[in-house]
Amino acid sequence: MVSAASTPPEVIHDQLTTAKLQLKKWEPEPWPNLQYAKYTKPTTPSEWFSCKFPDHARIWGCPFIELVEDRADGLKKINPLAPNLDFLAAILGGDERMGHKVIHLEGEMQWYFLDQPSSIFKPTTTEKLGNLLRALLMRCAEELPDSVHKLNLFLEFRSDKIIKAVLHRAKSILAADHTFFAVDSKNERLKGVEVHERLARVFVEQALEREPGQILTLTNAYLIFTEYLKLKEMVPVRRSMFKGMLAPLVRDAFDLGLRNDIIDQATQKQTAGWKGLRAHEVEGVAGGA
Amino acid sequence: MNDNSQHEQRLDQLEQARKLWLESEWRLNFLRTETGTPTQPRTEEEILQWYQQHQHHQR
């Protein structure tokens, strides 16, 4: 049946139906009045998503690969077989036509979305982005006609496995570096203790490690954290606040309590700190015991 | 006649604006976290203003 190498694969079923794979995006009707073109209803999952996110479909390609079955009764059945992970990841970045934007701040391993009407970036979570994607897939399944097989849209594409893969891809597609919220940037984010707390959590994960025999004084940890904040172009925190933030994080991560009987090697004086913990180099910040 | 046409145009635009705004809020609500201060409902004027602000991105 296949006449040339370039033609799409065609399958013949025993019930006189032909089937082929397609990558078909939604196209507005080529009428001069585009206002009317908007009302051309999508009939396939790829059309539904590329109608909602035309710019993303142009850049990242067709949302799904679909199997089209021409049945003997003259009707077509559409079955979305596999999603385009790049497309689904990219649409989580938001629709500019509504003023939406979502980024993944690499240094903090944190998602932010541009909220309205404040126009301030606020933190959000991987789980919430997953919820949005699942809801979009659900709406797509609900709004399309019965000529579409909906099982994959409802179950497979909304499974933890696929959603996790999309979110993982989104981290690189929507990545932003620390200059995104730099002082001279037009992007503003919710400021407050929670930003420092998140950074402190990342600091504990990346800069601290358990090492028997080592000592980390609170003073040293504070100095390193202050350098770390400088790198992120963030204002420093007060030492008392740092102590309140870090102590529970270290206890949770390493099961080590803050002690007041540590002898500072440099001054030979008693001070606060942790036994069996050391700070190492993190993103250019030199650590020390 | 002219007044009627302007009124209809405004109603059309308001309908488009409200539709887009509802879609926008539907999506944003998935990303928001519940707070003690719920989002205030928008007036027609605010929705229209928001719509016009983002219209240059429309097809």
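User: What makes a residue count as buried here?

Analyst: A residue is buried if 20 or more other C-beta atoms lie within 10 Å of its own. This is a predicted model. In H5(A), the buried residues are Leu129(A), Gly130(A), Leu132(A), Leu133(A), Leu136(A), Leu137(A), Cys140(A) and Ala141(A). Over chain A, 29% of the 289 residues count as buried.

User: How many residues does helix H5 of chain A have, and what span does it reach?

Analyst: The expected span is 1.5 Å times one less than the number of residues. Helix H5 of chain A covers residues 126-143, which is 18 residues. From first C-alpha to last, H5 reaches 26 Å, close to the 26 Å expected.

User: Which element gives the largest share of the side of chain A that touches chain B?

Analyst: Start with the counts. Chain A puts 14 residues into the contact and chain B puts in 12 residues. H5(A) supplies the largest share of chain A's side, 4 residues. By class, that side of chain A has 5 nonpolar, 5 polar and 4 charged residues.

User: How do S10(A) and S11(A) run, and how many bridges join them?

Analyst: Two strands pair if DSSP finds at least two bridges between them. Here 3 bridges join S10(A) to S11(A), residues 270-279, and the two run antiparallel. Ile263(A) stands opposite Gln270(A) in S11(A). The two strands form a hairpin with 6 residues between them. In that turn, Gln268(A) has a positive phi of about 60°.

Definitions and conventions. Residues are numbered from 1 along each chain as its sequence is written. Chains are lettered from A and ligands numbered from 1 in the order in which they are written. This is a predicted model: local features need pLDDT of at least 70, side-chain atom pairs count only at pLDDT 80 or more; totals for chains, interfaces and linings use all residues. A residue is buried if 20 or more other C-beta atoms lie within 10 Å of its own, exposed if 12 or fewer, and partly exposed in between; C-beta atoms are placed from the backbone. Two residues are in contact if their C-beta atoms, placed from the backbone, lie within 7 Å. Ala, Val, Leu, Ile, Met, Phe, Trp, Tyr, Cys and Pro count as nonpolar, Asp, Glu, Lys and Arg as charged, and the others, Gly among them, as polar.
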